[in-house]
Amino acid sequence: MSIANQPLLKLENITKRFKELTAVNGVNLEVSPGEKLVIIGPSGSGKSTLLRAINLLEEIEEGTICFEGREVGYVMRSGKRHPDRPQAISALRAEIGMVFQHFHLFPHMTVLGNVMEGPLTVQRKSAEEARSIAVDILEKVGLADKRDVFPATLSGGQKQRVAIARALAMRPKLMLFDEPTSALDPELVGEVFDTIHTLADEGMTMIIVTHHMGFARELADRVIFMESGNFLAQGTPDELFSIAQDNERIRGFLNRLL
Amino acid sequence: MGNMLSAILSQPEDGSAPPLLSRIVAFTTVLLLISVLFWFAFNQLQYGWNWGAVWQYRQKFLQGWLTTLLISAAALCLSLLISVFFALARRSRLLPLRYLSLLYIEVVRGTPLLVQILVFFYVVADAVGVSNRYAVGILTLALFAGAYLSEIIRAGIESIGESQLESAAAIGLTRLQTYRFVIFPQVVRRILPPLTGQFASLIKDSSLLSIIAVSEFTLNAQEVNAFTFSTLESYLPLAVGYLLLTLPISLFSRYLEQKYRYAT
C-alpha cells in the first residue's frame with residue numbers, strides 16, 4: 001500500500017468496558033488524511049469514549065489503534081496487553097490535537113503561555129520560536145489582542161478558541177474535538193464553529209463528536225451515527241439524512257436536535 | 001447582631017484593596033486598642049522589673065536566636081522535600097508507598113513531638129551511631145512538620161482536578177512535566193496561606209529541642225531565667241524573637257500570593 005492512500009488512523013475492534021457497561025463495542029474505523037469525520041449520537045452512546053481512546057486518555061480492553069500505519073499505544077507482554085511506555089504515549093499525543101468540551105485551559109498561564117506550553121516543553125523549541133508559533137496561531141484564531149490576559153477573563157467562545165490554538169501549536173496531524181460547542185452559550189457557538197471551519201478548509205484531518213448538526217451538514221465528509229457503543233449508520237451527510245428517513249432511531253434523534 | 005454578622009461576611013466583590021489612608025487609619029486604631037489593653041494589664045502588675053539583670057545575658061539571647069534561625073531554616077527546607085515526596089507517595093500507584101505515607105502521616109501527626117524527639121535522639125540515633133544532637137533535632141523537626149505539610153500539599157494537588165491532568169496529557173506533556181509546569185504552580189498558589197502557618201509552627205516547635213539540650217532560643221531564655229529569677233524579662237524577649245522569625249515569612253508569603261495572583 002502506498003503512503004498516499006494509507007489511512008491516517010485505523011481502528012480495529014476497539015472495545016472499552018466500564019465494569020458491566022460496554023461503552024464502545026468492537027468498533028472499526030478508517031480515517032483518510034484530510035478527512036472530516038463527524039460522530040453524532042445520543043448521550044452515553046460511546047462517542048466521547050471512542051474519541052478519548054484514540055489519544056489514549058481511555059485505556060481500551062480490546063482492539064488495535066494504527067496511526068500512520070504503525071500500531072500505537074499498547075504492547076503485548078507474555079500474551080497480555082499493557083499500555084506502552086509513557087514516553088511513547090506522550091509522543092503520540094503530541095501528534096494528535098484534542099479539544100475538550102470544557103476547554104481545560106491552564107488558569108495560571110496567560111493565553112500566550114497556554115499556547116506556547118506544548119512547543120516549549122514537549123517539542124523543546126526555544127522560547128522565541130515557541131512564542132512566534134503561538135503568536136501566529138493566536139492571530140489565526142482571532143485572539144492576537146488577548147495574548148497577555150489570563151483565561152479567566154475570556155468568554156467561553158474565546159476560551160475554546162485558545163484551546164484550539166493550544167492544540168494547533170503542536171502542528172498535529174489529526175484533531176479530535178470532543179463536543180467543542182456544547183458548553184457554550186448559543187451566541188458564542190458561531191465563532192468556534194468558524195474557527196473549526198477554517199481549519200477544515202485548510203485540509204486538517206479531524207474527528208468531531210458533536211450535537212451541533214451544523215458541523216455534520218456543512219463540513220463533514222462522512223457522518224457516523226453511534227448508539228450503545230456501535231456504529232448504527234454512516235455515510236455522507238446527505239446519505240445519513242436519507243438513511244434517517246427509514247430508521248426511526250436516527251430520525252428521532254435528529255428531530256430532537258433540529 | 002444580624003447586621004454585624006453580615007458586615008463581617010460582606011467582602012469587596014472585586015477583591016480590590018481599600019484606599020491607603022483608610023488602611024493606615026484602621027490598622028493604627030486596631031494596634032492602638034490592643035496596645036492600650038496590654039498596657040493596662042501590665043500596669044496592674046505588682047512586679048519589680050529588672051531588665052538590667054537580663055541585659056547582661058544579651059549575647060546568650062542572640063546566640064540562641066541565631067541557632068533557632070539556623071535549625072528552623074534547615075528543618076524547613078528538609079521538611080519541604082520530605083512532604084513533597086510523601087504527598088506524591090500517598091497518591092502513588094505502588095501500594096506499599098501509599099501505605100508507608102499513610103502510616104508516616106498518622107503516626108507523626110498523632111503523637112507528641114516531645115516523645116518523637118526523645119525516641120529519635122535516645123533510641124534511633126543512638127542505634128545508628130549518630131550523636132550530633134543538632135542533626136537529629138533538625139531531622140526530627142523536619143519529619144514532624146513534613147507530615148502536616150504533605151497533607152496540605154496533597155489536598156492542594158487534589159483540588160486541581162483531573163481535567164488539568166488530561167489537557168496537559170493531550171498536548172503531550174509527560175507526568176513529570178505536567179506536575180512541574182501545570183499542577184505545582186497552581187498548588188503553590190493555593191496552599192501558600194496554610195503553608196505559612198505551618199512554617200510558623202515549625203519555628204516555634206523548634207523550642208522543644210531544648211529537651212535534648214540543643215542550645216536554641218528557648219533553652220537559653222530558660223537558663224537566663226534560672227540565673228536571674230527575672231521571669232517576664234527572660235521570656236518577653238523570647239516572644240519578640242520568635243515574632244521576628246515568623247513575621248518575615250508571613251510577609252514573604254503575602255508577597256508571593258500577590259505575585260502569583262491570577263484571576264480564577
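Quick definition before I start: two residues are in contact if their C-beta atoms, placed from the backbone, lie within 7 Å. With that cut-off, the contact takes 20 residues from chain B and 25 residues from chain A. On the chain B side, helix H8 (162-170) and helix H9 (175-205) each supply at least two of the residues that touch chain A; helices here are DSSP runs of H or I, at least four residues long, numbered from the N terminus. H9(B) gives the largest share of that side, seven residues. By type, the side splits into nine nonpolar, eight polar and three charged, where nonpolar is Ala, Val, Leu, Ile, Met, Phe, Trp, Tyr, Cys and Pro, charged is Asp, Glu, Lys and Arg, and the others, Gly among them, are polar.

Housekeeping, then. This is a predicted model, so local features need pLDDT of at least 70 and side-chain atom pairs pLDDT 80 or more, while totals for chains, interfaces and linings use all residues. Residues are numbered from 1 along each chain as its sequence is written, with chains lettered from A and ligands numbered from 1 in the order in which they are written.

Now chain B as a whole. We've got 11 helices and zero strands, a strand being a DSSP run of E, at least two residues. Chain B is more spread out than a compact globule, because its radius of gyration is 23 Å, well over the 18 Å that the globule rule gives for 264 residues. That radius is taken over C-alpha atoms, and the rule is 2.2 Å times the number of residues to the power 0.38. Along its principal axes, the C-alpha trace of chain B spans about 70 × 60 × 30 Å.
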